[in-house]
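Visitor: Could you take me for a close look at one helix and the charged side chains on it? I'd like to know what they pair with and how buried they are.

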Amino acid sequence: MSRDLRADRLKVLPPYLFAEVDRAKREAIQRGVDVIDLGVGDPDMPTPGPIVEALREAAGDPACHRYPSYAGWTGLRETFAAYFQRRFGVKLDPGKEVLALIGSKEGIANTPLALLNPGEVALVPEPAYPVYRTSTIFAGGEPWEMPLLEKNGFFPDLGAIPADVLDRARLMFINYPNNPTAATASTEQLGRAVEFARKHEVVICHDAAYAETYFGDPPPSILSVPGGREVAIEYHSLSKTFSMAGWRIGFAVGRADALAALLTLKSNVDSGAFIAVQRAAAVALENAEALAGPLRERYRARLEILAGGLEAAGAPLRRPEATFYLWVRVPKGSNSMGFAKRLLDEAGVVATPGVGFGKSGEGFVRMSLTAPEERLEVAAERLSRMRWR
Ligand SMILES: *Cc1c(COP(=O)(O)O)cnc(C)c1O
């Protein structure tokens with residue numbers, strides 16, 4: 001047997017908690033169960049036609065076949081800045097305050113390498129998208145977890161962070177609208193985070209991947225909060241907004257010196273997104289209102305379908321104002337892993353156990369709206385026959 005050749009930084013990663021769910025799902029399919037998978041957050045609707053057309057056209061242009069610029073095509077950064085001003089009322093300098101990413105995950109994962117020294121602390125939420133924590137570990141930093149609790153509106157209790165942790169903290173990751181809790185943050189809450197960041201000299205890394213996937217009021221940008229641009233970088237993604245997850249294009253915007261550091265890091269790691277994809281992304285952003293609106297309406301209709309089934313079953317449901325997730329409390333006496341199994345056994349529905357996103361996710365399951373309406377109708381009907389106890 002050969003030795004475990006993995007670097008130590010891989011060995012310290014937590015075990016993949018969803019493996020058990022994956023196995024249960026495969027077994028159910030083998031038994032012939034008609035499984036409806038609401039476990040993954042992978043947009044199922046196709047990318048809108050005009051964006052695909054723009055790519056088709058750009059792919060044939062030899063100018064697109066060369067190395068892209070590291071910071072992203074100037075025309076795309078200008079287009080993003082114009083979109084941002086329309087949407088959030090903030091005028092960004094496309095030269096210094098906008099950086100193109102190969103998907104927002106890429107930018108998030110590279111940020112600790114650019115801004116965090118070994119031994120320094122990154123404040124990370126839990127439950128959360130796992131990349132905040134793992135990228136901090138990869139950079140030799142120390143993740144300090146901020147629990148997201150229902151009683152605090154799934155917003156971190158900034159007053160609960162010990163002074164010695166604050167002394168070593170350089171970064172704070174937050175994510176609103178939030179995956180997995182589906183919570184949104186108000187301008188007032190984001191303002192509190194900005195105040196905190198100024199006081200303790202931490203850079204806020206705000207993941208806004210779901211900024212355009214909303215059902216109520218459009219969620220704010222942290223850069224629209226007074227002082228936000230001086231302390232925060234914000235990640236934006238086309239993956240969810242325009243059903244472009246496979247295209248790998250996103251943005252980091254905000255604090256200029258932080259973006260400059262991220263650009264230096266990136267220019268040593270990658271060579272930018274395919275220029276043809278950047279041109280198609282510009283078409284998406286120029287027509288953001290027209291192209292994202294119909295996708296949003298479909299998610300809204302899907303939410304109605306699934307929420308109806310859960311409410312009929314007596315589930316204590318907090319209808320989300322944004323994201324395409326439902327974060328549902330499990331019945332008293334169950335835990336999230338056990339209840340996910342029960343959902344599969346009794347309804348053939350795959351949901352993600354909340355504990356897989358962090359310990360404060362215990363007691364919840366996450367259901368995703370990235371399944372076709374007719375499948376959600378079936379899921380809702382089966383769920384409505386369950387008893388939430
Ligand atoms: C989907 C998702 C992302 C990743 O988006 P990409 O732009 O496709 O890399 C980032 N953050 C959260 C919370 C997500 O759910």
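Guide: Let's start in helix α12, where R300 and E297 sit three residues apart, about one turn of the helix. Helices here are DSSP runs of H or I with at least four residues, strands are runs of E with at least two, and both are numbered from the N terminus. A word on the basis: this is a predicted model, in which local features need pLDDT of at least 70 and side-chain atom pairs count only at pLDDT 80 or more, while totals for chains, interfaces and linings use all residues. Residues are numbered from 1 along each chain as its sequence is written, and side-chain values use heavy atoms, leaving out hydrogens and water.

R300 and E297 form a salt bridge, with their closest N and O atoms 3.0 Å apart; the term means a side-chain nitrogen of Lys or Arg within 4 Å of a carboxyl oxygen of Asp or Glu. R300 is partly exposed at 29% relative accessibility, and E297 is partly exposed too, at 42%. (Buried is under 20% relative accessible area, exposed over 50%, partly exposed in between, with a 1.4 Å probe and protein chains only.)

R302 is buried, at 0% relative accessible area, whereas D44 is partly exposed at 32%. Salt bridges with shared partners link D44, R298, R302 and E373 into one network.
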